[in-house]
Amino acid sequence: MPYTVAEFAQKIREKYNAYQDVDDQLLVDKMIEKYPVYADQISEVKKKEETELVSDSQEEVTESTTEVQDGGSSQASVLE
């Protein structure tokens with residue numbers, strides 16, 4: 001069963017007392033950055049990653065559309 005960010009942060013704090021004053025989200029983000037294998041154990045992280053992927057895709061579409069609207073040589077770069 002996946003943990004919430006708060007639950008996972010609490011588990012980290014139980015094991016490593018030095019992180020008592022660190023924000024939950026920051027603590028979890030740093031732990032996952034260093035140990036990506038833990039990302040599967042956190043329910044809220046998956047949602048965040050999926051949102052970032054959708055956001056990145058929308059930016060690429062917007063950039064491509066702008067290049068097409070500019071016309072000329074920009075259209076060739078969209079097709080490549």
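**Close-up 1. Phe8 is a buried ring in this predicted model.** Its relative accessibility is 6%. Buried means under 20%, so Phe8 qualifies. Tyr3 stands at 28% relative accessibility and therefore counts as partly exposed. Tyr3 and Phe8 form a tilted aromatic pair. Their ring centres lie 6.2 Å apart, with 45° between the planes.

**Close-up 2. Tyr16 and Tyr19 pair edge-to-face.** The distance is 6.2 Å centre to centre. The planes make an angle of 75°. Tyr16 is partly exposed, with a relative accessible area of 39%. Tyr19 is partly exposed as well, with 35%.

**Close-up 3. Ring pairs join Tyr3, Phe8, Tyr35 and Tyr38 into a cluster.** The structure holds four aromatic pairs. One of them is the tilted pair of Tyr3 and Phe8.

**Close-up 4. The largest nonpolar core has 10 residues.** Val5, Phe8, Ala9 and Ile12 are among them. Leu27, Val28, Met31 and Ile32 also belong to this core, as do Ala39 and Ile42. Helix 1 (5–15) and helix 2 (24–34) are the elements that give two or more residues to the core.

Notes
Residues are numbered from 1 along each chain as its sequence is written. This is a predicted model: local features need pLDDT of at least 70, side-chain atom pairs count only at pLDDT 80 or more; totals for chains, interfaces and linings use all residues. Side-chain values use heavy atoms; hydrogens and water are left out. A nonpolar core is a set of buried Ala, Val, Leu, Ile, Met, Phe, Trp, Tyr and Cys residues joined through side-chain atoms within 4.5 Å. Buried means under 20% relative accessible area, exposed over 50%, partly exposed in between (1.4 Å probe, protein chains only). Helices (H or I, at least four residues) and strands (E, at least two) are DSSP runs, numbered from the N terminus. Rings of Phe, Tyr and Trp (its six-membered ring) pair if their centres lie within 6.5 Å; planes under 30 degrees apart count as stacked, over 60 as edge-to-face and the rest as tilted.
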